[in-house]
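My entries follow in the order I made them.

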Amino acid sequence: PTRPTEASGRWSVDPETRMATGPNGAQVELARHQVRLMQVFLAHPGEVITAERLAEQVPDMRLEPAAFR
């Protein structure tokens, strides 16, 4: 069976294994909130996503307001 994978451009992420695959085929293991971030970014390629929207979409991620200034 095929695992669910989300891809955009040359990046893909497998939420089940929490692995992201880059353009050169290198794989990186992600934390749960990082998987969710990748899913948000891959679902909206080329869009600017505000910190507030990310906080709504990835509630278990801590966003420090100073990091976005």
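**Entry 1: confidence**

I began with pLDDT, the predictor's confidence in each residue, from 0 to 100. The protein has a mean pLDDT of 82, and 77% of its residues reach 70 or more. Of its elements, strand 4 has the highest mean (95), and strand 1 (residues 6-8) the lowest (65).

I noted the ground rules. Residues are numbered from 1 along each chain as its sequence is written, and side-chain values use heavy atoms, with hydrogens and water left out. This is a predicted model, where local features need pLDDT of at least 70, side-chain atom pairs count only at pLDDT 80 or more, and totals for chains, interfaces and linings use all residues.

**Entry 2: layout**

I counted two helices and four strands in the protein. Both kinds are DSSP runs, numbered from the N terminus: helices are H or I with at least four residues, strands are E with at least two. The order from the N terminus is β-β-β-β-α-α.

I then looked at surface and packing. The accessible surface is about 5100 Å², and carbon and sulfur atoms hold 51% of it. That area comes from the Shrake-Rupley method with a 1.4 Å probe; for residues, only the protein chains shown count as cover. Of the 69 residues, 23% are buried. Buried means under 20% relative accessible area, exposed over 50%, and partly exposed in between (1.4 Å probe, protein chains only). I also checked contacts (heavy atoms within 4.5 Å). Among those between residues at least 6 apart in sequence, 21% join residues at least 24 apart.

**Entry 3: helix 1**

I checked the span of helix 1 (residues 32-43). Its 12 residues reach 17 Å from first C-alpha to last, close to the 16 Å expected at 1.5 Å a residue. The expected span is 1.5 Å times one less than the number of residues. Which residues of helix 1 are buried? I listed Val35, Leu37, Met38, Gln39, Val40 and Leu42.

Strand 2 and strand 3 pair antiparallel over three bridges. Pairing requires that DSSP finds at least two bridges between the strands. Aspartate 14 stands opposite methionine 19 in strand 3. Four residues lie between the two strands of this hairpin, and arginine 18 takes a positive phi near 60° there.

I moved on to glycine 22, in the loop between strand 3 and strand 4. Is glycine 22 buried or exposed? Glycine 22 counts as buried because its relative accessibility is 8%. Leaving aside neighbours within four places in sequence, glycine 22 is in contact with Arg10 and Trp11. From glycine 22 to serine 12 I read 6.9 Å, C-alpha to C-alpha, across 10 residues of sequence.

**Entry 4: salt bridges**

How many salt bridges does the structure hold? There are two. The cut-off is a side-chain nitrogen of Lys or Arg within 4 Å of a carboxyl oxygen of Asp or Glu.

One joins glutamate 29 to arginine 18, with the closest N and O atoms 3.7 Å apart. This pair links distant parts of the chain, 11 residues apart: glutamate 29 is in strand 4 (residues 27-29), and arginine 18 is in the loop between strand 2 (11-14) and strand 3 (19-21). Glutamate 29 is exposed at 56% relative accessibility. Arginine 18 is partly exposed at 28%.

Arginine 53 and glutamate 47 also meet in a salt bridge, at 3.5 Å from N to O. Arginine 53 has a relative accessible area of 25%, so I logged it as partly exposed. Glutamate 47 is partly exposed too, at 44%.
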